[in-house]
Amino acid sequence: MNKKLAAAIDRDNQREEAGMHADDRETCWTHQSWAADCEDDHTPRPTGK
Ligand SMILES: [Zn+2]
């Protein structure tokens, strides 16, 4: 993880704690990456598969 990403995740965490909606994050806490880079991984999966 590069420093710019780490700083952005940290900033998002603080903003989210301050009331920002999770969808407004620039980064993905789950994947520790930029939200745009792992967008595809967050597509809701069909249930029962
Ligand atoms: Zn992700």
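This passage describes the fold, confidence and selected residues of a predicted protein model.

The structure is a predicted model, in which local features need a pLDDT of at least 70 and side-chain atom pairs count only at pLDDT 80 or more, whereas totals for chains, interfaces and linings use all residues. Residues are numbered from 1 along each chain as its sequence is written. For the protein chain, the pLDDT (the predictor's confidence in each residue, from 0 to 100) averages 88, and 94% of the residues score at least 70.

The protein chain contains 1 helix and 2 strands, where helices (H or I, at least four residues) and strands (E, at least two) are DSSP runs numbered from the N terminus. Read from the N terminus on, the elements follow the order α-β-β. Taken along the principal axes, the box filled by the C-alpha atoms of the protein chain is roughly 35 × 25 × 15 Å. Of the 49 residues in the protein chain, 4% are buried; a residue is termed buried if 20 or more other C-beta atoms lie within 10 Å of its own, exposed if 12 or fewer, and partly exposed in between, with C-beta atoms placed from the backbone.

The end C-alpha atoms of α1 are 21 Å apart, which agrees with the 21 Å that its 15 residues should span at 1.5 Å a residue, the expected span being 1.5 Å times one less than the number of residues in the helix. Just after α1, Gly-19 adopts a positive phi of about 115°. In the segment before α1 is Asn-2, which counts as exposed because it has 7 C-beta neighbours inside 10 Å. Although Asn-2 and Ser-33 are separated by 31 residues in sequence, their C-alpha atoms are 9.6 Å apart in space.

The loop between β1 (27–28) and β2 (33–34) includes Thr-30, and Gln-32 lies in the loop between β1 and β2 as well. Thr-30 counts as exposed because it has 9 C-beta neighbours inside 10 Å, and its C-alpha atom is 12 Å from that of Asn-13, a residue 17 positions away in sequence. Gln-32 is not a glycine, yet it has a positive phi of about 50°; with 12 other C-beta atoms within 10 Å, Gln-32 is exposed.
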